[in-house]
Each structure stands twice: as C-alpha cells, then as structure tokens.
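Subject: Handing over the structure

Dear colleague,

Please find the structure below, followed by some notes on what was found in it.

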Amino acid sequence: MEEILIFANPIAGRGLGVVIARRLEHRLVADGYRVRVLLDRPDQLDSCHLVGEGEDAARAAIVIGGDGTLRSVTQRLIDSNAGAPPPLLPIPLGTANLMGQHLGARWDLANIASEVSMAVRNRRVVHLDAGRANHRIFLLMVGIGFDAQVVHELDRVRDGPIQLASYLLPMVSAVSTYDYPAISVTVDERRIFSDEPAVAFIGNVAEYGVGFPVLPLARSDDGLLDICILPCRSRADLFNWALLAAAGEHLQAEGAIYQRGRHVHVTSESPLPAQMDGDPGGHTPVTIDLLPFKLPFIVG
C-alpha cells in the first residue's frame, strides 16, 4: 500500500485548507492509499522521518497552501530525506500562488478530490530547478532591496492570513524609510556590479508577485539562475523601474543588467533585507546557488 503525504497549512484559506485535506484523505484512502495528514504550520513541522526510502518512499506529497507553505514543506522534506523529496503536488491556496501559476495548476474545488486522485494515479512529473540562499531552499525568486523590505515589514505586522491589501501599509512604510544602499553582485566568481545603489532579483521563474515578469527570460529547468540588477538611487528611480517592468520594458532600459549563472553572491556595506518566495530571507551577505538535483512536481 503506497503512502501519500498531505500537508495543509491550518490557516490557509481561513481554514479551507484543512477542509480540502480531509476531502482528499477520504478519497485517497478509498482508492487504496495509506494517507498521512499533517496540519502543522510549515515552520513547526518536524523534518525527522517525514518520508521513507526505497519501497517505503511516498508516492506523492500534496501541499495545500501558498508559495511560502510549499517552500517550507519542501525544505523539511529535503532535510528529512537528505535528497530529492517525493513528487510534490501543490494545491495553491495563498495570495500570489506563483508556483501554481507556473505549473498551470487549476483545480476545480467542487471536483478537487477526484482530480487530485487522478493526478496521483497518473503521476505525470516535471522536474524543475530549485535554489538555495544561505542554505535555505527557494523555489521561485530571491529579492534583495526594496521588495524584501516590504516583505520584512509585512512579516513584522501580520496577524494571520494575508491578502493583497495586507501589503499596502508595509509598502507605504518601506517607501518612506528605504534608504537605497549600495550593493555588489558576483556571478560565477566574476563581479558584474560594484558598490552602487540597486535592487537585485535572482531566480528560476518569470512570474513575480505583483503580476509582471521581473525575470522574463527565466526557465525553470535550464540549470541556471537568472539575475536582474536595476540601479536605484531614489524613490523616483524605484517608481520608474516599476512602470518599466509593468510594461515589460525594464531589460531594455539604460543601466539594467541581466545575466545567467550558477553561483551568485550579493553583499552590501550594511545588512540589507532579502526575501525568498515572498517570505523574509535574512539579510546580506547572501550566497545563492542551485540544488544539485531537480525537484519533481506532479502536474494534472
């Protein structure tokens, strides 16, 4: 009897994640699987003995929640397994749900149990790159600078589930207080940007939380990280880059730097906030590289 793991963030969708988890459990048990449901918050999961190996390996790990939940669960599965996790099946239930968009996940809530059961049975798997920033997993993108300050401020004031409107006050605060510090960026041991105010984005996918692609040339399976650096000395520069990015014209603008590589190192004179997949990711210096293996995802 094959095992299926179901992870559900208990606050996702204001409790809807737990409801979906129980519906999936009922259907998958009826289909002959051994099912384990874990309803802990992602940061409270114990990574010890989450998954087995060989014949005891789980057939799938279903993750119900947002991008942060998916990233945290993936981290703990990798820590538990000391390698690639079982095939991941995301059920997006967050704010941006960028990985769900990237994978084309479109579950019909009314028929989600039968749709997920079919996806698990067919197990059509794609293998995607994933990165590490200071040894922590990210699936989508690392942002360093202004957007990370917004994320850090949101994390400081948040209380429960977040919506797009939750970003408004943290963004106003960041606009008022961000001081546009200088950064330096090294890619594959070659310095490509030195000691100038800028914001930087490093990642695997084109999608970004505000709805437009910051890394429009990124491919999630090419074994490379995409790096975008935008010189930014003032609030006027910040707004100008935002408008250009929304129009898809930021890479053609003067000063923009776009590179690909496998190892990235970002430093600054004073600690600068970083974000990973929309969650706080510590501060500079940040060292970023790719995992030595690709992650398996089940697509419907």
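Two strands are said to pair if DSSP finds at least two bridges between them, and strands themselves are DSSP runs of E with at least two residues, while helices are runs of H or I with at least four, both numbered from the N terminus. Please keep in mind that this is a predicted model, in which local features need pLDDT of at least 70 and side-chain atom pairs count only at pLDDT 80 or more, whereas totals for chains, interfaces and linings use all residues. Residues are numbered from 1 along each chain as its sequence is written, and side-chain values use heavy atoms, with hydrogens and water left out.

I begin with strand β3, which covers residues 60-65. Five bridges join strand β1 (residues 3-8) to β3, and these two run parallel; within this pairing, Ile6 has Ile62 of β3 as its bridge partner. Another five bridges join β3 to strand β4 (residues 88-92), again in parallel, and here Gly65 is partnered by Pro92 of β4. Together with helix α2 (residues 67-81), β3 and β4 make a right-handed β-α-β unit, where right-handed means that, with the strands pointing away from the viewer, the path from the first strand over the helix to the second runs clockwise.

The next topic is the nonpolar cores. The largest has 71 residues, and those with the most contacts inside it are Val185, Ile202, Ile229, Val264 and Ile288; a core here is a set of buried Ala, Val, Leu, Ile, Met, Phe, Trp, Tyr and Cys residues joined through side-chain atoms within 4.5 Å. Strand β10 (residues 190-203) gives the most to this core, namely seven residues. Apart from this core lies another, of 22 residues, among them Ile6, Ile20, Leu28 and Leu93.

Gln275 lies in strand β14 (residues 273-276), and because its relative accessible area is 4%, Gln275 is buried. The side chain of Gln275 makes a polar contact with the side chain of Asp147, at 2.8 Å; such a contact is a pair of N or O atoms within 3.5 Å, where, within protein, one must be able to donate a hydrogen and the other to accept it, and residues adjacent in sequence count only if both atoms are side-chain atoms.

Finally, there are three aromatic pairs, a pair being rings of Phe, Tyr and Trp (its six-membered ring) whose centres lie within 6.5 Å, with planes under 30 degrees apart counted as stacked, over 60 as edge-to-face and the rest as tilted. The rings of Phe146 and Tyr178 have centres 5.8 Å apart and planes at 80°, so this pair is edge-to-face.

Best wishes

Note on methods
Buried < 20%, exposed > 50% of the residue type's maximum accessible area, 1.4 Å probe, protein only.
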